[in-house]
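Welcome! Have the model open beside you as you read, and take your time finding each part in turn.

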Amino acid sequence: AVSWALPQTAYNLSLSDFGRGPTSGRPPCAAMADDPLSESASASDAESSDDEIPEYNPDKLTPMEWDVQLQVAELVFRSILEGKRLGVAAGQSVDDWHRQVLGEAWVQQNRRQRKEVKRRMQKAGENTPLWMEAVEHMSDIAWEVFIFNERGETMRKLQDIDRSEILEQFKELHDKLRDSHYARCGAGDKHHGFRACIAILYLFARDAEILSWCTRCLRLAIDDHEYNRDMLTELTVAMPPVDRDTDFADKGWSFLRHALNAFVVQAGGRPVSAAEGAEEIGKEEEEQGLTPSRETAILIAKCLVAAQAAPAVQAQLILLQQPTPDNARVERKELKLLVPDAFAHASALLAEGHEDCLAELLEMLRMSGAGGEDDESLLLGGQAGDGGGDGGAPGGSTERKGALSGLAANVRGLLGRQSEEGGP
């Protein structure tokens, strides 16, 4: 099965050669019963003619083809270590090799999986013009944000990023995401595009224009698209000086942490430092005269609310109620500091008559334990985040305190709490 890497090469093997090594310890036919593609492909597909069966596609292998590829690769490497040399079967197509070595039952089951793979590709509009354009836009954004080298994926410094290029990419992408489901599928095809968007939430936390277009696109990409929504919330962005190498593992936390931080900053609060160079980023943005925008804060809130049904988001918010382990990711530690600040700012914006998505954001944040007595006393004291900044509630206004007191009672009622009850 180096025939997968070298399509013109097939090895002389028999079915008895499979399942000997530690990779799976089973013949490739055993993959039939394990894969969900087999369940979703109808049994009647086995009776279809060869003309209806998709051809072998090395870029879109079925799970059964992957299983065989891994086992044959192990056999080849084992034979090299043992000083043996496998014979090469020339002039044989991959499908003929499958039939000869693995048998007709395997071929029929793999046909069903090929049809299911093709059906999913057609459903996502894969390789259609809008799908491909969305893939290109997200790749171009990632190229501007990250450096790809032998160390892996490294986030660029803010001064090295072409802001105007990112802005134009988002503007062109926005209309395609709005109008086409295929474009939304293309936007989520490669993970590096969503990782770049999360990095932008961090790097451009004070840049209202960039954030507004970024969050508009993200919201369109995850609305009614469960795969994109869940994938976005499960990613982890490597923060400087860490590189994303081959051993880097996604553990979530990044989207929620950086989106909430951007929300707090645009609502008038102060950011939480995430990594080395965070202070320098803040100074550079201040020197550019960037000012926060509450309209952008609302857009970020809508994006957060659109992602709230993701299992990763709900699990992360619930975990924030528990003591933070010493070895926890830095994003989790900082998110625990951010949530009360974000709750206070969202409450203040809601009291000013801003959009209802803020009430949904407050309910979402309560899953983390926010909105308890400590947070309500902070709210009633008129300090939203940075102690009475532009985005906070002024502490000296009796009228303002009265409005916030009423808001605290309304939020308790919204979530089914009695006025005399304490927080979770």
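This is a predicted model: local features need pLDDT of at least 70, side-chain atom pairs count only at pLDDT 80 or more; totals for chains, interfaces and linings use all residues.

**Helix H13 and its surroundings**

- H13 covers residues 294-306 and is mostly covered, with ten of its 13 residues buried.
- To find them, look for Thr-296, Ala-297, Ile-298, Leu-299, Ile-300, Ala-301, Cys-303, Leu-304, Val-305 and Ala-306.
- These buried residues pack against H9, H10, H11 (254-266), H15 and H16.

**Where H13 meets H16**

- The axis of H13 comes within 9 Å of the axis of H16 (residues 357-366), and the two cross at roughly 50°.
- That angle makes H13 oblique to H16, and the crossing is left-handed.
- On the H13 side, the contact is made by Ile-298, Ala-301, Lys-302, Leu-304 and Val-305.
- On the H16 side, the residues are Cys-357, Leu-358, Glu-360, Leu-361 and Met-364.
- Sorted by class, this contact has eight nonpolar residues, two charged ones and no polar ones.
- Here is a handy rule for reading such lists: an α-helix has 3.6 residues a turn, so residues three or four places apart point the same way.

**A closer look at Cys-357**

- Cys-357 belongs to helix H16.
- Is Cys-357 buried or exposed? Its relative accessibility is 9%, so Cys-357 counts as buried, the cut-off for buried being under 20%.
- Setting aside neighbours within four places in sequence, Cys-357 is in contact with Ile-298, Ala-301, Lys-302 and Val-305.
- Cys-357 and Leu-299 are 58 residues apart in sequence, while their C-alpha atoms are 9.3 Å apart in space.

**Helix H10 and its partners**

- H9 and H10 have axes that come within 7 Å and cross at roughly 125°, and these helices are therefore oblique to each other.
- In this contact, Leu-218, Ala-221 and Ile-222 of H9 meet Asn-228, Arg-229 and Leu-232 of H10.
- The residues of the contact of H9 with H10 divide into four nonpolar, one polar and one charged.
- H10 (residues 226-234) also meets H14 (residues 311-319): their axes come within 7 Å and cross at roughly 35°.
- H10 brings Arg-229, Asp-230, Thr-233 and Glu-234 to this contact, and H14 brings Pro-311, Ala-312, Val-313 and Gln-316.
- The contact of H10 with H14 has three nonpolar, two polar and three charged residues.

**Helix H6 and its cover**

- H6 runs over residues 163-179, which makes 17 residues.
- From first C-alpha to last, H6 reaches 25 Å, close to the 24 Å expected at 1.5 Å a residue.
- Which residues of H6 are buried? They are Ile-166, Leu-167, Gln-169, Phe-170, Leu-173, His-174, Lys-176 and Leu-177.
- Their cover includes H5 (129-145), H7 (181-187), H8 (191-203) and H9 (208-222).

- Asp-341 sits in helix H15 (residues 330-351).
- With a relative accessibility of 13%, Asp-341 counts as buried.
- Asp-341 and Asn-261 are 80 residues apart in sequence, and 9.2 Å separates them in space, C-alpha to C-alpha.

**Backbone details in the loops**

- Asp-224 is in the loop between H9 and H10, and its phi is near 55°, a positive value in a residue other than glycine.
- Asp-224 counts as exposed because its relative accessibility is 82%.
- Trp-253 lies in the loop between H10 and H11, with a positive phi near 75° in a residue other than glycine.
- Trp-253 is buried, with a relative accessible area of 7%.
- Pro-241 is also found in the loop between H10 and H11, and a cis peptide bond with omega of about 10° joins Pro-240 and Pro-241.

Key:
Residues are numbered from 1 along each chain as its sequence is written. Side-chain values use heavy atoms; hydrogens and water are left out. Axes are lines fitted to C-alpha atoms, for helices over the stretch in contact, and angles run from 0 to 180 degrees between N-to-C directions. Helices (H or I, at least four residues) and strands (E, at least two) are DSSP runs, numbered from the N terminus. Angles under 35 degrees count as roughly parallel, over 145 as roughly antiparallel, 65 to 115 as roughly perpendicular and the rest as oblique. A crossing is left-handed if the near helix is turned anticlockwise from the far one by less than a right angle, and right-handed if clockwise. Contact means heavy atoms within 4.5 Å. Ala, Val, Leu, Ile, Met, Phe, Trp, Tyr, Cys and Pro count as nonpolar, Asp, Glu, Lys and Arg as charged, and the others, Gly among them, as polar. The expected span of a helix is 1.5 Å times one less than its number of residues. Buried means under 20% relative accessible area, exposed over 50%, partly exposed in between (1.4 Å probe, protein chains only).
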